[in-house]
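Colleague: I have a model open and want to learn how to read its features. Can we start with the pockets?

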Amino acid sequence: VAATASRPTSAALGAVVSAAPEPMTGQGQSASGSSAWSTVFRHVRYENLVAGVSGGVLSNLALHPLDLVKIRFAVSDGLELRPKYKGILHCLTTIWKLNGLRGLYQGVTPNVWGAGLSWGLYFFFYNAIKSYKTEGRAERLEATEYLISAAEAGAMTLCITNPLWVTKTRLMLQYDGVVNSPQQQYKGMFDTLVKIYKYEGVRGLYKGFIPGLFGTSHGALQFMAYELLKLKYNQHINRLPEAQLSTVEYISVAALSKIFAVAATYPYQVVRARLQDQHMCYSGVMDVIAKTWRKEGIGGFYKGIAPNLIRVTPACCITFVVYENVSHFLLDLRE
């Protein structure tokens with residue numbers, strides 16, 4: 001996520017809505033809506049989309065096994081059918097012994113598709129929203145404006161990608177030796193999507209959507225911290241605010257911003273994973289929170305945070321480094 005207007009980060013329907021003029025009626029309203037959309041999308045560059053997708057896909061491919069461990073730890077509520085793991089290494093070695101590399105990459109297809117779409121859309125639209133908001137004004141955006149732009153982007157992205165995250169969770173939680181009902185025996189991404197829709201409807205595809213919306217604060221906090229750290233660092237060493245950082249500098253800024261965001265927002269990931277779990281049935285977000293608190297206490301909301309931190313910090317760094325370099329390369333080609 002770059003601090004410049006020529007690079008990206010996130011987007012959301014709310015960004016377009018909030019940027020649009022006051023409601024009008026008839027043709028005036030239609031023309032106003034079209035104008036708002038065209039103004040925002042005028043700032044969009046395909047380089048941002050390509051760079052974001054590249055970074056998201058590569059980082060998820062490399063670190064998918066740790067995501068698998070995180071999900072299995074997050075839903076470990078004492079249910080008898082779940083495998084029991086003593087730690088991260090024990091979980092990885094157990095899965096490897098049972099299913100080899102294929103076992104460690106359960107759910108990788110929807111994860112890569114979801115990550116590619118999420119990062120691509122996030123970077124793609126955030127750049128456009130920032131450019132739209134700064135058009136015609138000399139001063140830089142405030143921290144709260146970065147936060148709002150990133151949150152709007154996350155919400156819009158989630159509306160598109162939530163079915164992929166449900167699919168990923170379901171595939172990751174198919175345990176070796178556990179026989180599920182035909183409705184919950186999944187063979188791959190498309191089979192999972194079809195069966196969820198067939199037996200659970202659209203509601204099934206959007207399980208975990210509400211905590212996912214709360215999770216947009218994760219991306220918002222991360223990108224706000226990333227933008228401000230870049231700006232403050234460049235000011236500290238007397239460089240222009242828009243100056244490009246070195247790879248090591250990008251990695252450091254990305255890692256710090258990610259750790260901050262994860263520590264602040266992790267419980268929503270546990271709630272979302274439990275709502276999407278095919279082995280348990282909750283009536284909603286509050287039901288998950290109440291049962292988790294009653295049975296496991298505060299620690300229950302932080303299950304899986306260790307593999308998550310080990311995974312997301314390098315994943316974030318890979319994504320940002322690939323994104324910055326690919327976007328600069330493509331922009332240089334255009335020029």
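Colleague: Which residues lie nearest the centre of the largest pocket?

Modeller: Keep in mind that this is a predicted model. Rolling a probe the size of a water molecule over the atoms shows where empty space is left. Here, Arg-102, Gln-106, Leu-171, Gln-174 and Lys-187 lie nearest the centre of the largest pocket, out of 17 lining residues. Two elements, α4 (88-104) and α5 (108-134), each give two or more residues to that lining. The space in this pocket comes to about 440 Å³.

Colleague: How do the residues of that lining divide into nonpolar, polar and charged?

Modeller: Seven are nonpolar, seven are polar and three are charged.

Colleague: What volume does the second largest pocket have?

Modeller: About 340 Å³. Its lining holds 14 residues, and Arg-203, Lys-207, Leu-275, Ser-283 and Gly-284 lie nearest the centre. Helix α8 (residues 209-214) supplies the largest share of this lining, three residues. By type, the second largest pocket has nine nonpolar, three polar and two charged residues in its lining.

Colleague: Now a helix. Which residues of α10 are buried?

Modeller: An α-helix has 3.6 residues a turn, so residues three or four places apart point the same way. In α10, the buried residues are Glu-249, Tyr-250, Val-253, Ala-254, Ala-255, Ser-257, Lys-258, Ala-261, Val-262 and Thr-265. Read that list with the helix turn in mind. Note that Glu-249 and Lys-258 are on it.

Colleague: How many residues does α10 have, and what does it reach from its first C-alpha to its last?

Modeller: Helix α10 (residues 247-265) has 19 residues and reaches 27 Å. That is close to the 27 Å expected at 1.5 Å a residue.

Colleague: Next, the rings. How many aromatic pairs are there?

Modeller: Ring centres within 6.5 Å make a pair. The count comes to three aromatic pairs. One of them joins Phe-73 and Tyr-85, with 6.3 Å centre to centre and 40 degrees between the planes, a tilted arrangement. This pair links distant parts of the chain, 12 residues apart: Phe-73 sits in helix α3 (residues 46-74), Tyr-85 in the loop between α3 and α4.

Colleague: Is Phe-73 buried or exposed?

Modeller: Buried means under 20% relative accessible area. Phe-73 has 16%, so Phe-73 counts as buried.

Colleague: What kind of aromatic pair do Tyr-206 and Phe-209 form?

Modeller: Planes over 60 degrees apart count as edge-to-face. Tyr-206 and Phe-209 are at 70 degrees, with 5.7 Å centre to centre, and form an edge-to-face pair. Tyr-206 is partly exposed, at a relative accessible area of 29%.

Conventions. Residues numbered from 1 in each chain as written. Predicted model: local features only at pLDDT ≥ 70, side-chain atom pairs only at ≥ 80, totals over all residues. Heavy atoms only, no water. 1 Å grid on protein atoms, 1.4 Å probe; cavity = no way out; pocket = protein on both sides within 12 Å on 5 of 7 lines; lining within 4 Å. Points joined across faces, edges and corners; volume = space filled by probe spheres on them. Helix = DSSP H or I, 4+ residues; strand = E, 2+ residues; numbered from the N terminus. Nonpolar A, V, L, I, M, F, W, Y, C, P; charged D, E, K, R; others polar. Expected span 1.5 Å × (residues − 1). Buried < 20%, exposed > 50% of the residue type's maximum accessible area, 1.4 Å probe, protein only. Phe/Tyr/Trp six-rings, centres within 6.5 Å; stacked < 30°, edge-to-face > 60°.
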